[in-house]
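Subject: Model for you to look at

Hello,

Here is the structure I promised to pass on. Please open it first, then read my notes below.

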Amino acid sequence: MKYVRQFGGGTADGRAKDKALLGGKGANLAEMASLGLPVPPGFTITTEVCRHVLEHGVGAYPEELGGEVGEALARIEELTKTKLGDTTAPLLLSVRSGAPASMPGMMDTILNLGLNDATVDALAKESGNPRFAWDCYRRFVAMYGEVVMGVVAPTEHDEQPFDVILDSIKRTHRANRDQDLGEPALREAVAMFKAKILEVTKQTFPDDAKTQLWGAIGAVFASWGNPRADYYRKLNNISASIGTAVNVQAMVFGNLGDDCATGVAFTRNPATGTAELYGEFLTNAQGEDVVAGIRTPEPLPELAKKQPAAHAELVRVARLLEDHFRDMQDLEFTIQRGELFMLQTRSGKRTGKAMVKVAVDLVAEGKLTTREAVLRIDPAKLDEVLHPTIDPKARPPVVGKGLPASPGAAIGRIVFTANAAQEWAQRGEMVILVRTDTSPEDIHGMKAASGILTARGGLTSHAAVVARGMGKCCVTACTSLRVDAAKKTAAFVGGGQEKRLKEGDTLTLDGSTGEVFLGSAPLVPAQLGTELGSLMQWVDEIRTLKVRTNADTPTDARTARSFGAEGIGLCRTEHMFFAPERLLAVREMIVAADEAGRRAALAKILPMQRSDFAELFRVMDGLPVTIRLLDPPLHEFLPHSAEEIENVARDIGRPANVVAAKVADLHEANPMLGHRGCRLAITYPEIYEIQVQAIGEAAALVAAEGVIVQPEIMIPLVMVHEELRRLRALVTTAMDRALAGAKIPYTIGTMIELPRACVVADRIAEHADFFSFGTNDLTQTTYGLSRDDAGRFLPAYIDGGVLPNDPFAVLDPDGVGALLELGVRGGRSTKPDLKVGICGEHGGEPSSVELCHRMGFDYVSCSPFRVPIARVAAARAALLGPGK
């Protein structure tokens, strides 16, 4: 086993394909070096070492590692003609993380390693720029003190101790910016930083360069387990076992003077997908200044004016790398005395809109096939493309304007810390996280927030990059914004006026324009571009799994059909009962003393349901419509408080004591497993008879208008085949009578949502034309969990690694999945052509859709806005593995 891989000097011990071993950064550095691009020499300590440390403890390295690091270090020294710790020509190093999966900003970095009181003087002499040397030294001491020695802010309300010291020095020296500090001030900063380290840690700052190197390597490996990295992995389903690599590389300097710069570039616009070199740079700065958002950088076109040769070389390299990787690249670069150096390339994080446009454009440019383009799409990110935007005809007054860092609209109440954002969101509040700038420690608050607003930063700062990756609306560099997080206040200052805000006030962000509005702005549905239409055409040519929608209203049905739904997989008839006049009739039916009374009340419901079904059939002309007969327990329609009972009794003309007695009679200890679903029709068959009559009459009505009707009648919660046998006969009789001779084909099936139904599916299939798996209840009954109560403890299970996902959000492939497979196999053993679908909330979750494809389902059904997501997931599943 070789634990260290070298790169630079025209060779590389690895390639881009070696990400699992070298991490994304190390693998791509090796790839760039092999392409002959200007990459500073260095070496990568593999992820194997991280896994060794995870297993054996901090600082426990394989015994061969020391020798391999020494050998690789000697090669850097040879190539750069410098030496680590040398007092004449000192080598300075960067030490960076690099996991196999991209985790921007989540782990730690050390720059300028190798400086001490002796080597800083050598650097000053060699560069001819003492101010530069001491600027590097103060940066190194601060980074090392924070990352390796643990000098950090006590709470999220406090500033980083080194920032507090530097701000004090700037005030003393009347410097507005870090770069305005001269050599004496920077010397003072280094001394005060070291004093703070000694005060906090009771240890002196290490002067020995080798000690510094091993301290930094250990800290970067340790950062794999820090809270923000752990949170990010859970957020993005990244395994904690893959580990991170450590990349050690010779420093190049963007802070040597005005002919130096550092920056971040994307080969295409990561917000819109437009084919343009997009990014920012800072003159006389180091890379962390750009991503941290501490200084507001300049756009790349300005680089063409200031350093045209370096800009031209960057354009050339960007084009080469995009063509090589056949994907939009995210680049980090440094310009040292006019010469370009590449420090990183990776597949760029992008918004859902950009994801679609880039994939479609790369096909048009001949760089990808349509099938490859579909595999590049993350189905879940399509949700961003469907987000509403601010109504351009009703925009409120603009209170501030920044950079449009991540598109979309966000409305919420403002909070000033990541913890507050998380706490408010857990209470159901929509929040906007307002910060001077964000840091990786804010990751949990950024996830919880609807949008992010920062006073500083740029289009490639931490806030912008992470927000785009999450699909969050984000506005950065709102220079009129003043934030006082400790006092929980903010102000917009400009034009001689000041608008003050406090925690809880409402703002609206427009991430597409960078505008900030007071209060709530009206929203309009998203406008879908031609690229999405092209993508969906390819998707539909590839997939075999059909996608329907769960829709109870004509509005939902129209929306879903516009998104490509191929029918209704679940119409929940009980959702049609909650309008006041309908609820009154349902309550009359429930409290009726006998069947005659129930039928009289149901007669009032009949025309309402007939009208509902007729409109759904019209909207879904030519497509199947699966209608689930009444499922919830009757008590859900009844009042519960004494006042509500009095009001209902008055409305339906019955004594209050009669209504109260009925409420008490219908009470159940566990209604989810109680008198509901088909059990209602076994007890009160007239309920299903009237519902089926409404379906049949509606079908005959619209068929006479020329509408092609495909009714599918679904009987819920079957546990034994005899229930379905009896109710199929009831439904057939009622439907044939209602159709009154109209030749309209219909099918009768059942919702499989109990483990027993999966086990005896072969018997149930004798009486079913189709199965639709209700995975919400099937998950509850398989796990023995109440979905309504599990939220109190499931997060602890997921956070603690007891469960990999929330089983109500992501279909459990091992338990629930095994029951699905059993049910499909059993049903088709009786009827080989049995139609099988899924209609739980899982029907729009990508990994669940892929599981259904592998099991040979005919369709999935999901909410209207998830239809495009399910279509793409179904196409990806068809490309990735076998199905029906």
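I start with a helix pair. The axes of helix α26 (residues 685-704) and helix α27 (residues 721-739) come within 8 Å and cross at roughly 40°. Axes here are lines fitted to C-alpha atoms, for helices over the stretch in contact, with angles from 0 to 180 degrees between N-to-C directions. That angle makes α26 oblique to α27. (Under 35 degrees counts as roughly parallel, over 145 as roughly antiparallel, 65 to 115 as roughly perpendicular, and the rest as oblique.) The crossing of α26 and α27 is right-handed. (Right-handed means that the near helix is turned clockwise from the far one by less than a right angle; anticlockwise is left-handed.)

On the α26 side, the contact is made by P685, Y688, E689, V692, Q693, I695, G696, E697, A699 and A700. On the α27 side, L727, L730, V731, A734, M735, A738 and L739 take part. (Contact means heavy atoms within 4.5 Å.) By class, this contact has 13 nonpolar, two polar and two charged residues. (Ala, Val, Leu, Ile, Met, Phe, Trp, Tyr, Cys and Pro count as nonpolar, Asp, Glu, Lys and Arg as charged, and the others, Gly among them, as polar.)

Some ground rules. This is a predicted model, in which local features need pLDDT of at least 70 and side-chain atom pairs count only at pLDDT 80 or more, while totals for chains, interfaces and linings use all residues. Residues are numbered from 1 along each chain as its sequence is written, and side-chain values use heavy atoms, with hydrogens and water left out. Helices (H or I, at least four residues) and strands (E, at least two) are DSSP runs, numbered from the N terminus.

A second pair: α5 (residues 130-147) and α8 (residues 209-222). Their axes come within 10 Å and cross at roughly 50°. α5 and α8 are therefore oblique to each other. α5 passes α8 in a left-handed crossing. F140, Y144 and V147 of α5 meet T211, Q212, G215, A216 and A219 of α8. The contact of α5 with α8 has five nonpolar, three polar and no charged residues.

Next, α16 (residues 418-426). Which of its residues are buried? They are A418, A420, A421 and W424. (Buried means under 20% relative accessible area, exposed over 50%, partly exposed in between, with a 1.4 Å probe and protein chains only.) These four cover an arc of only 160° around the axis, which puts them on the same side of α16. (The arc is that of the directions from the helix axis to the C-beta atoms.) The buried residues of α16 pack against β17 (409-415), β18 (431-435) and α17 (443-448). Just after α16, G428 takes a positive phi of about 95°.

Two residues other than glycine also deserve a look. N237 has a positive phi, near 55°. N237 sits in the loop between α9 (227-235) and β8 (245-250). N237 counts as exposed, at 61% relative accessibility. R337 is not a glycine either, yet its phi is positive, about 50°. The loop between β12 (329-336) and β13 (339-347) holds R337. With a relative accessible area of 47%, R337 is partly exposed.

Last, R174. It lies in the loop between α6 (161-172) and α7 (183-201). R174 counts as exposed, at 79% relative accessibility. R174 and G428 are 254 residues apart along the chain, and 46 Å separates their C-alpha atoms.

Best wishes
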